[in-house]
Structure formats: C-alpha cells, structure tokens
Amino acid sequence: MNRVRMYIDGDFVESSSDAWFPVYDPSTEEIIAEVPDGNPADVDRAARAARAAFDKGPWPQTTAQDRGRLLFKLAECIRQQAAELAELESRNCGKPIVEAEYDVNDTATCFEYYGGLATKVLGSVNPVPDNALSLTLKEPVGVAGQIIPWNYPLAMAAWKLAPALAAGCTCVLKPAEQTPLSILQLAKSFEEIGFPKGVINIVTGFGEGAGSPIVAHPLVDKIAFTGSSAVGKLILRSAADSIKRVTLELGGKSPNIFFADADFDAAIDGALFGIFVNQGEVCSAGSRILIEKSIYSKFVDAMAAKAKTIKLGPPLDRSTKMGPLVSKEQYERVRSYQEIGKGEAKLVSGGGRPQSFAKGYYVEPTIFADVDNNARIAREEVFGPVATLIPFEGESEAIRIANDTPYGLAAAVWSRDIFRALRVVKAVRAGVVWVNHMQPTYVEAPWGGYKQSGFGRELGPGGIDEYLETKQVHINLNEQPIGWY
Ligand code: NAP
Ligand code: MG
C-alpha cells in the first residue's frame, strides 16, 4: 500500500497511534493511498513545533524580503511539478484534469502574490496631539491553525498558507480527509526551498480527531477555516474558550440572475458554468438561477438541452467536462437531493446517475425548473451539480428572491443595462458579485461572504491583514517628568 506520511516539525511521520485511513480515486472507487489518522497528540506535536518555530529559531529573524523569496521559490517549485500535481489533484478529487491544471497555476500565482506582498506590509504614524511619536506596527499573529475542504485542495491550502507565511506566522494545516495527497506531495519540497522546520505542519486526519484539537489548542493563536456552515458554527463556539481570532469561509446558495436583455447565448453558458464547473462542488456555485419571466421558458429549454450535452468522463481525459463527485458520502448526499427535488419541482435535465459508468461517483448534471425559493433544494446547499431555476417578474422581485437566503457568499447578474446591473450589484447582500460572468476568482481580489457564509476575507491585499496583529507604540519626546504629582 502507498503510505503517505504527514509532515510535522520538518519530518514525514505516522500518527502516534499508527492508525491510517484510506484515500480514494472517486472515478474507480479504488484506494490509492493511506495517510495517518492524526489524533490530538499529533496535533499537539504540530502546534508545539509551530509555536517553537514562531518564538525562536531562524523564522522570527527572517526579514520580509526573505519570506517573500521563499514564497517565490515555492511558486517556482509548484510550476516545475505542475503536471504531476495536477494529475494527483485530478485523480484524488475527480475533477477534470484541465480544471486541475488551472488550480495548480492559481496555487502558484497565490504564493507569488503574497511573496510580493510580504514587503508591502506597512505601519503608520498617528497624529497624536502631543510632543510624541505615535506609531502603528503590524506584527504576525502567531501560530495559525488552518482547516480546509476537499473541493480545491491545493488552492485552498495556498489561500491560507501564503498570506500567513508572508505575514511571518507559522502554520498547522489540516487538509480534508478525502484529499490530502497534493499538499503532502508539495511538502516534500518545503525543506529544500528553505522553510525552517516547524514553520509549516500538515496534519492529516478527520474533523473530530485532528480538526477540532487544532481549534482547541492553547498554543494556536488564530483559526482560518473553509468548509460548511455547520462546522463553522462548531469552530466558532470552540474558539470562544481561548478567544482565538477566527475567519470563516463557509457555504453558499448563490443567485445567478438573468434579465431578459442579457445576451442569450452568453447567459445559457454562464448559467451552466456557474453551477456545473468542478461538478458543482463549488462554494460559490450559482445554484439558484433566477430568470426574468419573459425569457423563462426559452431559457429553461435551452439550458436543459445544453446540459444534456455536457461530457462526463474519467477525470484524466482531457475532453471531460465533469468528473465524479469526490466521495461516496458526497455522491449519496447529491443523489438524495436529486430525489428531494423530484418531489418539489419539475425535473428538466438529469436527475440520476449516468448509465454509462459501472464504477465511480458520477451523477448527471441536474436541473429543476419552476422551483419555489422556499423549497429545500433552493434553501440548502447541495454542493453538487443540481441547479434550481426560479422565475421572477422585474428587478425588485429578483433582488428580494436573491437575498431571501441565510447565505451571502456570491451572486451574479446578467444584463446589458448598466444602470440596472449596478443597482442589483448594490442591492445584493453577498461578498462577491459578478456582472455578466460567474466564478472567475483572482488572488488579487478579496474573497469571502456576508451573513452565514462567514466573515473575514481571504486573497487580495487585505488577505494578509487576517494574519497580522496591530501594535500601537507611543514614544514620548519630552525629556522632563510628566509633572502630575
Ligand atoms: P466540512 O465538512 O465543513 O469540512 C471542512 C473541513 O473541516 C474538513 O477538513 C473537515 O474534516 C474539518 N472538520 C470537520 N469537523 C470539524 C470540527 N468539528 N472541528 C474542526 N474541523 C472540522 O466541509 P466539506 O464537506 O469538506 O466542504 C464543503 C463545504 O465547504 C461547503 O459547505 C462549501 O460551501 C464550503 N466551502 C466554502 C468555500 C469558501 O470560500 N467560502 C470554499 C470551498 C468550500 P474532515 O476532512 O474530517 O471532514
Ligand atoms: Mg467532511
């Protein structure tokens, strides 16, 4: 068996209990590796290593320039093994290889971006009304605990590691149980690149055994979590005990809003891409498709017809547009929502498992029309290729339905009327809003949600702030006693 060890304090190690768990190829349902089942003692070891690396050793002495260069080297190392990493990511997640290649490129770009930003963290001078110099300094927050999901394993790791390392933090990162392989592959290069031991630790394991002890650990200063809102709530509660700083990037039920004046062909493509890219396993998936009534039936027919032509296939086949879902658990979850939807709305495309695959967690791209926004399939995050089509009449109804959700991660609006598009942009309560597009994500621009989609922002210049403390320094320039007594 291909046993891949986790990375703690500069070494590849097994768990202290020597327990292992399997990692699958979701297209064949076969086990492709085993990784250590990390437990609280392993997390403790990683947290102590990260704490020691933050408090002493070479890391606190590295300059911002040094850290920037290390991140550039890491990016270069990713680009050198891009093909290998993309293949591993595609095989482990089930995502089409072409999409995995995009992800690997984005991962490298993220390290480059924060490598450059490391030397642009600025303090400031405060205009206090006294003979004094008042400074604001920015300092790393300390040990960052980072917990990520399985849909974009490498990119999610980069979104967390890159700003943390640029800021001067040290990290304990837990990949999702389903997809630990690509980040462990990358970890093989950490030492050679020049990261001191303990600066980056990767603990594999499950939420309960490895995730929750990171959140509770007294030596961890900050938690950055991406995952479901349900787990986000648990993390927030647990972090309260030690008043940890927390940022949460959670789920969504994002509206993709189409007005009648939008370019029709672009609209159909945008609706399909918004929900079916990465098999719909996207936090910002445009899962509620709001369509103006005057184009509604034409839109439903065109979208359903085109969805039937989407090519499902093995992830490593370059012509594949949709691979299998990541796991059996996710497959069963999406299949159950397909059934729930059949009782709630009108099925117009897909709705089951494709006939052509004997093995693998494949599901058909599925579209329900005439969906009530109160239906479960319109309210609950499916996190799979299930679209709900909802008609609306006029701008104010579109906005009302768009905002009628506990989530607020993303939204998109399609119209050639700039005034209307911008009114909708302002009215929608979401952290990311696209106009005449859906899903492009750039490391240069902030990412995060409103409402129950979480708080804090990753990416962009502000992404590093989540890993910085603010210190006020007051320097008295009077040489006399205060003279109060
Ligand atoms: P999840 O079940 O919430 O798990 C996310 C991570 O948290 C995993 O590593 C998981 O470990 C860990 N975890 C589970 N229980 C925990 C606990 N009690 N304490 C600490 N950690 C715990 O989410 P998922 O199924 O992996 O991913 C899908 C969700 O992520 C969706 O809701 C999606 O919207 C969201 N997401 C959001 C964004 C964004 O940017 N907003 C991006 C991607 C995904 P296990 O591996 O054992 O499950
Ligand atoms: Mg999970």
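Because the model is predicted, local features need pLDDT of at least 70 and side-chain atom pairs count only at pLDDT 80 or more, while totals for chains, interfaces and linings use all residues. Residues are numbered from 1 along each chain as its sequence is written, chains are lettered from A and ligands numbered from 1 in the order in which they are written, and side-chain values use heavy atoms, with hydrogens and water left out.

Helices (H or I, at least four residues) and strands (E, at least two) are DSSP runs, numbered from the N terminus. In general, an α-helix has 3.6 residues a turn, so residues three or four places apart point the same way.

On a 1 Å grid over the protein atoms alone, a cavity is a set of points where a 1.4 Å probe fits but cannot get out, and lining residues have an atom within 4 Å of a point. Grid points are joined across faces, edges and corners, and a volume is the space filled by probe spheres set on the points. Three cavities of 30 Å³ or more are present. The largest holds about 70 Å³ and is lined by 14 residues, of which Ala285, Ser287, Glu381, Val382 and Phe383 lie nearest its centre. Its lining divides into seven nonpolar, five polar and two charged residues; Ala, Val, Leu, Ile, Met, Phe, Trp, Tyr, Cys and Pro count as nonpolar, Asp, Glu, Lys and Arg as charged, and the others, Gly among them, as polar.

The second largest cavity holds about 60 Å³. Of the 14 residues that line the second largest cavity, Pro255, Thr405, Tyr407, Gly408 and Ala410 are the closest to its centre. Helix H14 (395–403) and strand S17 (407–408) are the elements that give two or more residues to this lining. By class, the lining of the second largest cavity has seven nonpolar, four polar and three charged residues.

Aromatic rings come next. Rings of Phe, Tyr and Trp (its six-membered ring) pair if their centres lie within 6.5 Å; planes under 30 degrees apart count as stacked, over 60 as edge-to-face and the rest as tilted. The count comes to 15 aromatic pairs. The rings of Trp150 and Phe383 are edge-to-face, because their centres are 5.1 Å apart and their planes stand at 75°. Trp150 lies in the loop between strand S7 (143–147) and H5, and Phe383 in the loop between helix H13 (376–379) and strand S16 (386–392), so the pair ties together parts that are 233 residues apart in sequence. Both Trp150 and Phe383 are buried.

The pair of Phe258 and Phe299 is tilted, because the ring centres are 5.0 Å apart and the planes are at 55°. Phe258 belongs to strand S12 (residues 255–258) and Phe299 to helix H11 (residues 296–307), so this pair ties together parts that are 41 residues apart in sequence. Phe258 counts as buried at 0% relative accessibility, and Phe299 counts as buried at 0%. One aromatic cluster is formed by Tyr7, Phe12, Trp59, Phe190 and Phe195.

Tyr7 also touches Asn201, a residue of strand S9 (residues 200–202). Asn201 is buried, at 0% relative accessibility. Leaving aside neighbours within four places in sequence, the contacts of Asn201 (heavy atoms within 4.5 Å) are Tyr7, Ile8, Asp9, Ala46, Ala49, Ala50, Cys171, Val172 and Leu173.

Finally, some loop residues deserve attention. Most residues other than glycine have a negative phi. Ile243, although not a glycine, has a positive phi of about 50°; Ile243 lies in the loop between helix H9 (229–240) and strand S11 (245–249) and is exposed, at 73% relative accessibility. Asn436 likewise is not a glycine and has a positive phi of about 55°. Asn436 is in the loop between strand S19 (432–435) and strand S20 (450–451) and counts as partly exposed at 37% relative accessibility.

Notes: On a 1 Å grid over the protein atoms alone, a cavity is a set of points where a 1.4 Å probe fits but cannot get out, and a pocket is an open set with protein on both sides within 12 Å along at least five of seven lines; lining residues have an atom within 4 Å of a point. Buried means under 20% relative accessible area, exposed over 50%, partly exposed in between (1.4 Å probe, protein chains only).
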